[in-house]
Amino acid sequence: MNEVSSGLPDSAVVAPDRRSHWARDGALHDHGRLLMSCQDGPGIVASVTAFLHERGANIVHADQNSTDPEGGKFFQRIVFHLPDLVERLPGLRREFGEQVAGRFAMGFQMNAAEVPKRVALFVSRFDHCLLDLLWRWRRGELPVEIVQVVSNHPDLEKDVAGFDVPYAHIPVTRERKAEAEQQQLELLAGRVDLVVLARYMQVLSGDFLGRVGVPAIN
């Protein structure tokens with residue numbers, strides 16, 4: 001197996017000009033994001049909102065959807081404001097898990113909105129989606145930190161170098177697809193919160209999606 005370097009130092013930090021304008025302006029300070037999913041049924045929204053209200057949180061945005069009100073899958077995303085959120089977050093997660101998530105067999109994530117998600121971009125040879133994301137990120141329009149570009153071709157390495165983002169070329173063939181995906185998994189492990197396919201002309205296997213541990217969106 002070929003060794004692939006991420007190009008990142010062991011203690012990489014986010015440069016100030018790389019933060020989104022929301023983070024720079026403090027608009028996301030003390031804001032939290034709560035994502036949850038479970039089997040639909042009565043009382044879910046009431047329990048979630050009551051939990052936040054009892055702790056002094058103000059809900060500033062909420063979206064929800066159900067695949068079927070009778071036994072379908074329920075999804076909800078809430079953005080809330082709560083003073084001293086970062087310090088209180090570990091306790092909030094624990095209490096929410098015990099008092100709400102456990103009751104509804106709910107999967108959930110609760111995070112501080114001001115901490116940008118670490119993103120890896122997967123790309124092949126077409127550059128338009130990749131460069132659009134990189135330019136918008138550089139201008140501070142995207143509240144993320146792009147930490148890695150992964151490609152099955154070397155073509156775009158020079159373009160990405162101008163953005164000071166590590167570029168990993170991992171060739172993928174039918175014969176070595178599993179080996180290539182293992183290299184990708186090792187490269188990303190513990191370093192990313194989201195994988196974005198920016199015209200990546202390969203189908204990610206179910207094994208990769210099951211093991212990467214973060215969402216992958218197209």
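Which helices and strands each supply at least two residues of the lining of the largest pocket? They are strand 1 (31-39), helix 3 (85-104), strand 4 (107-112), strand 5 (117-123), strand 6 (144-151) and strand 8 (194-197), where helices (H or I, at least four residues) and strands (E, at least two) are DSSP runs numbered from the N terminus. This is a predicted model, in which local features need pLDDT of at least 70 and side-chain atom pairs count only at pLDDT 80 or more, whereas totals for chains, interfaces and linings use all residues. Residues are numbered from 1 along each chain as its sequence is written, and side-chain values use heavy atoms, with hydrogens and water left out.

**Largest pocket**
- The lining comprises 27 residues, and Arg33, Pro116, Lys117, Asp193 and Leu194 lie nearest the centre of the pocket; a pocket is an open set of points on a 1 Å grid over the protein atoms alone, where a 1.4 Å probe fits, with protein on both sides within 12 Å along at least five of seven lines, and lining residues have an atom within 4 Å of a point.

**Salt bridges**
- The structure holds ten salt bridges, each a side-chain nitrogen of Lys or Arg within 4 Å of a carboxyl oxygen of Asp or Glu.
- Asp132, Arg136, Arg139 and Glu141 are linked in a network of salt bridges, including Arg136 with Asp132 (3.8 Å, N to O) and Glu141 with Arg139 (3.0 Å, N to O).
- Arg136 and Asp132 both lie in helix 4 (residues 128-138), four residues apart, about one turn of the helix.
- In helix 6 (residues 177-188), Glu181 and Lys177 are likewise four residues apart, and their side chains meet in a salt bridge (3.8 Å, N to O).
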